[in-house]
Amino acid sequence: MKRVEGKVALVTGAAGGLGSAAARMLAREGAKVVVTDRGNREKEGQEVAASLGEGMGLFLPLDVTKEDHWAQAMERTLAHFGRLDVLVNNAGMGIPKDIESLSLEEWRLVHAVNLDGVFLGCKHGIRAMRQCGAKGSIINVSSVAGLKGVPTLVAYGSAKGAVRMFTKSVALHCAQKGYGIRCNSIHPVFIETDMVAALANASGDPDKARAKMARSIPLGRIGEPDDFAHAVIYLASDESKLMTGSEFVLDGGTTAQ
Ligand SMILES: NC(=O)c1ccc[n+]([C@@H]2O[C@H](COP(=O)([O-])OP(=O)(O)OC[C@H]3O[C@@H](n4cnc5c(N)ncnc54)[C@H](O)[C@@H]3O)[C@@H](O)[C@H]2O)c1
């Protein structure tokens, strides 16, 4: 028996990076996966969906900041696969600026993707899970930046910190209502994806920047996308059935310091 056999999962921002790693591992562990991302990443998203195997994947365009996209994605997921058991609110972006350099427009954009997107995902995800009677698992991707201050990522840290608290309220609501739907947040440290590449490149000396990132982590290395995917499998599977409103910290010891 595979660990998420028979479940249907939807992953946002899954055309690359951590989302695609999670989609691939979910499929390997037996889930059918709706791979979603913004329309401009359709080609990559289609490739990820096709790589999951015959009948295991479906790509849908979904900009997480747009409520009508969420409504359509849920409708099409239920029509195509008949249910929704796992929602990974993974889509995210950051603007590496501090409080003195960030504009109001940039602040709003970062919160729209990282926070509004998670709010809309939970709202529509719970509705879809209830519609099909699934005792589902919602996994909200926060960050170590949602647990400790990062002066150079002021809006990102604010949005990710809000995702952490929002997750707890959603978890308690679902528990009190007796839905059987769980909701947890994941807090990764640096993991090698386009996001980390952009941060490293912005420094002007990517190798030096990566070495500095690795040194800041007690275990001494930047994470791999599958480190994240393994955590997703645990939270998506029934193995974590006692876990809701929790923070899954995946940080190589960073916040233990
Ligand atoms: N990589 C890391 O070091 C790291 C660490 C902590 C947290 N995270 C979080 O993990 C998640 C995935 O990050 P990643 O490293 O894979 O980044 P990435 O940049 O490689 O991928 C992010 C994906 O989100 C998508 N996206 C952006 N805006 C969107 C929108 N409005 N609607 C739908 N999709 C959108 C992008 O198209 C992209 O495919 C993010 O929430 C990020 O904040 C990453």
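Which residue in S3 is the bridge partner of Val35? The structure is a predicted model, in which local features need pLDDT of at least 70 and side-chain atom pairs count only at pLDDT 80 or more, while totals for chains, interfaces and linings use all residues. Residues are numbered from 1 along each chain as its sequence is written, and side-chain values use heavy atoms, with hydrogens and water left out.

The bridge partner of Val35 in S3 is Phe59. Strand S2 (residues 32–37) and strand S3 (residues 57–61) pair in the parallel sense over five bridges; two strands pair if DSSP finds at least two bridges between them. Helices (H or I, at least four residues) and strands (E, at least two) are DSSP runs, numbered from the N terminus. From S2 the chain passes through helix H2 (residues 42–51) to S3 in a right-handed β-α-β crossover. A crossover is right-handed if, with the strands pointing away from the viewer, the path from the first strand over the helix to the second runs clockwise.

S2 also pairs with strand S1 (residues 8–11), in the parallel sense and over four bridges. Ala9 stands opposite Val33 in S2. Helix H1 (residues 17–28) lies on the path of the chain from S1 to S2, and this β-α-β crossover is right-handed. Five of the six residues of S2 are buried, so the strand is largely enclosed by the rest of the structure. Buried means under 20% relative accessible area, exposed over 50%, and partly exposed in between (1.4 Å probe, protein chains only).

Ser143 is placed in the loop between strand S5 (137–141) and H5. Ser143 is buried, with a relative accessible area of 8%. Leaving aside neighbours within four places in sequence, Ser143 is in contact (heavy atoms within 4.5 Å) with Tyr156, Lys160, Ile186, His187 and Pro188. The C-alpha atoms of Ser143 and Glu247 are separated by 10.0 Å, and these residues are 104 apart along the chain.

Helix H6 (residues 194–202) and helix H7 (residues 206–215) pack at an angle of about 120 degrees, and their axes are 7 Å apart. Axes are lines fitted to C-alpha atoms, for helices over the stretch in contact, and angles run from 0 to 180 degrees between N-to-C directions. On the H6 side, Val196, Ala197, Leu199, Ala200 and Asn201 meet Pro206, Ala209, Arg210 and Met213 in H7.
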